[in-house]
Amino acid sequence: QILPRLYHEKVIDHYNNPRNVGSFDKNDPNVGTGLVGAPACGDVMKLQIKIDEESGKIVDACFKTFGCGSAIVSSSVATEWVKGKSMDEVLTIKNTEIAKHLSLPPVNLHCSMLAEDAIKAAVKDGELKRAKLKGNSSADA
Ligand code: FES
Ligand code: FES
């Protein structure tokens, strides 16, 4: 008589109230942008991190996801998890942890993979920009 609960309530919460939807200026030198696509379905996720110039920690994050519900909730959780962490720390976030946190069904693992990939891409972009920043400032000095 009870319908099987397909999705965990956390999923529904993140789906109804996705956290940190939006965009930062991708030309901001302290913003790292990760734009990734899932070959399996064509869904696309953009995740951005704002990096504190001095501490190198991620102080803010946002996302825009053109994709399925699982990709949206995964990116919402990802933006929550990266805030306050260092770039090295967030590189250890695994898609399986996100999937487990949200109790995503195995068929949606590639959706949470998109979030892991987007974090990695955002960090890579952020690090490149920071390296450039440093390069410029030492050239100016
Ligand atoms: Fe939102 Fe855990 S339920 S990050
Ligand atoms: Fe492709 Fe979810 S179905 S990201």
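**Helix packing, sheet and core in a predicted model**

The axes of helix α2 (residues 69-82) and helix α4 (residues 95-102) cross at roughly 105° and come within 10 Å of each other. This geometry belongs to a predicted model. Angles of 65 to 115 degrees count as roughly perpendicular. The helices α2 and α4 are therefore roughly perpendicular to each other. On the α2 side, the contact involves V73, S74, V77 and A78. These residues meet I98, H101 and L102 in α4. The contact of α2 with α4 comprises five nonpolar residues, two polar residues and no charged ones.

Helix α2 also packs against helix α1 (residues 9-16). Here the axes come within 9 Å, and the crossing angle is roughly 85°. The helices α1 and α2 are therefore roughly perpendicular to each other. Helix α1 contributes V11, H14 and Y15 to the contact. Helix α2 contributes G69, I72, V73, S76 and V77. The contact of α1 with α2 divides into five nonpolar and three polar residues, with no charged residue.

The protein has five helices and three strands. From the N terminus, its elements follow the order α-β-β-β-α-α-α-α. The three strands form an open sheet in the order β1-β2-β3, with antiparallel pairing. Strands β1 (31-37) and β3 (58-66) stand at the edges. Each has a single partner strand, so one side of each is left without a neighbour in the sheet. From one strand to the next, the twist averages 15°.

Strand β2 (residues 44-51) and strand β3 run antiparallel and are joined by eight bridges. Within this pair, I49 of β2 stands opposite A61 in β3. The two strands form a hairpin with six residues between them. In the turn, G56 has a positive phi of about 75°. Helix α2 lies across β2 and β3. Its direction is at about 175° to β3.

The largest nonpolar core has 28 residues. The residues with the most contacts inside this core are L47, A78, A118 and I119. At least two residues each are supplied by β2, β3, α2, α3 (87-90), α4 and α5 (109-140). Helix α5 provides the largest share, with eight residues. In soluble globular proteins, nonpolar side chains tend to be buried together.

Residue I119 illustrates the contacts around the core. Leaving aside its neighbours within four places in sequence, I119 is in contact with G34, L47, A78, V82, V90 and I93. Among these partners, L47 and A78 are also listed with the most contacts inside the core.

At the level of the whole protein, buried residues make up 31% of the 141 residues. Contacts between residues 24 or more positions apart account for 64% of those with a separation of 6 or more. Taken along the principal axes, the C-alpha atoms fill a box of roughly 75 × 30 × 25 Å.

Definitions and conventions:
Residues are numbered from 1 along each chain as its sequence is written. Chains are lettered from A and ligands numbered from 1 in the order in which they are written. This is a predicted model: local features need pLDDT of at least 70, side-chain atom pairs count only at pLDDT 80 or more; totals for chains, interfaces and linings use all residues. Axes are lines fitted to C-alpha atoms, for helices over the stretch in contact, and angles run from 0 to 180 degrees between N-to-C directions. Helices (H or I, at least four residues) and strands (E, at least two) are DSSP runs, numbered from the N terminus. Angles under 35 degrees count as roughly parallel, over 145 as roughly antiparallel, 65 to 115 as roughly perpendicular and the rest as oblique. Two residues are in contact if their C-beta atoms, placed from the backbone, lie within 7 Å. Ala, Val, Leu, Ile, Met, Phe, Trp, Tyr, Cys and Pro count as nonpolar, Asp, Glu, Lys and Arg as charged, and the others, Gly among them, as polar. Two strands pair if DSSP finds at least two bridges between them. A residue is buried if 20 or more other C-beta atoms lie within 10 Å of its own, exposed if 12 or fewer, and partly exposed in between; C-beta atoms are placed from the backbone. A nonpolar core is a set of buried Ala, Val, Leu, Ile, Met, Phe, Trp, Tyr and Cys residues joined through C-beta atoms within 7 Å.
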